[in-house]
Amino acid sequence: MTLRPLSGPGAAPAYAELAAASNFSFLRGASHAEELVVQAARLGLAGLAIADRNSLAGVVRGHMAAKEAGLAFAPGCRLVFMDGTPDILAWPEHRAGYGHLCELLTTGKRRAPKGECHLTLEDLLAHGEGLLMAVVPASRDVRALPPVLERLRARFPDHLHLALVRAYGASDQRHLAGVARLAAVHRLPLVAIGDVLYHAPERRP
């Protein structure tokens, strides 16, 4: 899997959602993986990635549904850390990368109570080979990010991105501008995500 533009010069931009959470992201996602896939196909998206919170549980169902719908699909995971590291979206670029992601999640689950996953930045640095990543900056402050970005970029050159997502709040423009400046300073590509949590508005509650 490679993160790249999905349309050529002069063509209408195509969009693939790379950060959809299924109901396997407990208390976060509100739709089954199959429902997300069907809606993505209905909306004419170029593709979809299921990225559940510290879990790959929705990937198989999403893959099967995407195969039936003829929609491009990518497995992914939203890595959530316990040491203050911002959320990081991770997508394996090949089979070995998928294995490394499984090892990373197993490491976090073994040290945590059942049903939880305790990850640190050091875990990702140790098990992140073969993963494409996008750091999701928290909307409240991006000034604490540079040390994390430098460590990740040094360890995984050409595999790191910064994610842009709208919170639909009063500070959106300031936040997006701050992330864009960080990307320019650290020479990181930007990737747009919708951070999708449900396939239809009535699922929001």
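**View 1. Tyr 168 sits in the loop between S6 and H6.** Helices (H or I, at least four residues) and strands (E, at least two) are DSSP runs, numbered from the N terminus. This is a predicted model, in which local features need pLDDT of at least 70 and side-chain atom pairs count only at pLDDT 80 or more, while totals for chains, interfaces and linings use all residues. Residues are numbered from 1 along each chain as its sequence is written, and side-chain values use heavy atoms, with hydrogens and water left out. Tyr 168 has a phi near 60°, a positive value in a residue other than glycine. Most residues other than glycine have a negative phi. Tyr 168 counts as exposed because its relative accessibility is 70% (buried means under 20% relative accessible area, exposed over 50%, partly exposed in between, with a 1.4 Å probe and protein chains only).

**View 2. Asp 158 lies in the loop between helix H5 (146-155) and S6.** Here too the residue is not a glycine, and phi of Asp 158 is positive, at about 70°. With a relative accessible area of 76%, Asp 158 is exposed.

**View 3. Strand S6 (residues 160-164) is mostly covered.** Of its 5 residues, 4 are buried. S6 runs parallel to strand S5 (residues 131-135), joined to it by 3 bridges (two strands pair if DSSP finds at least two bridges between them). Look for Met 133 opposite Leu 160 in S6. S6 also runs parallel to strand S7 (residues 190-192), again with 3 bridges, and Leu 164 stands opposite Ala 192 in S7.

**View 4. A right-handed β-α-β unit is made by S6, H6 and S7.** Right-handed means that, with the strands pointing away from the viewer, the path from the first strand over the helix to the second runs clockwise.

**View 5. Ser 22 is found in the loop between S1 and H1.** Ser 22 counts as buried because its relative accessibility is 0%. Leaving aside residues up to four places away in sequence, Ser 22 touches several residues, including His 32, Leu 36, Ile 50 and Asp 52 (contact means heavy atoms within 4.5 Å).

**View 6. Val 165, Arg 166, Gly 194, Asp 195 and Val 196 lie nearest the centre of the largest pocket.** On a 1 Å grid over the protein atoms alone, a pocket is an open set of points where a 1.4 Å probe fits, with protein on both sides within 12 Å along at least five of seven lines; lining residues have an atom within 4 Å of a point. The lining holds 35 residues, and H1 gives its largest share, 3 residues.
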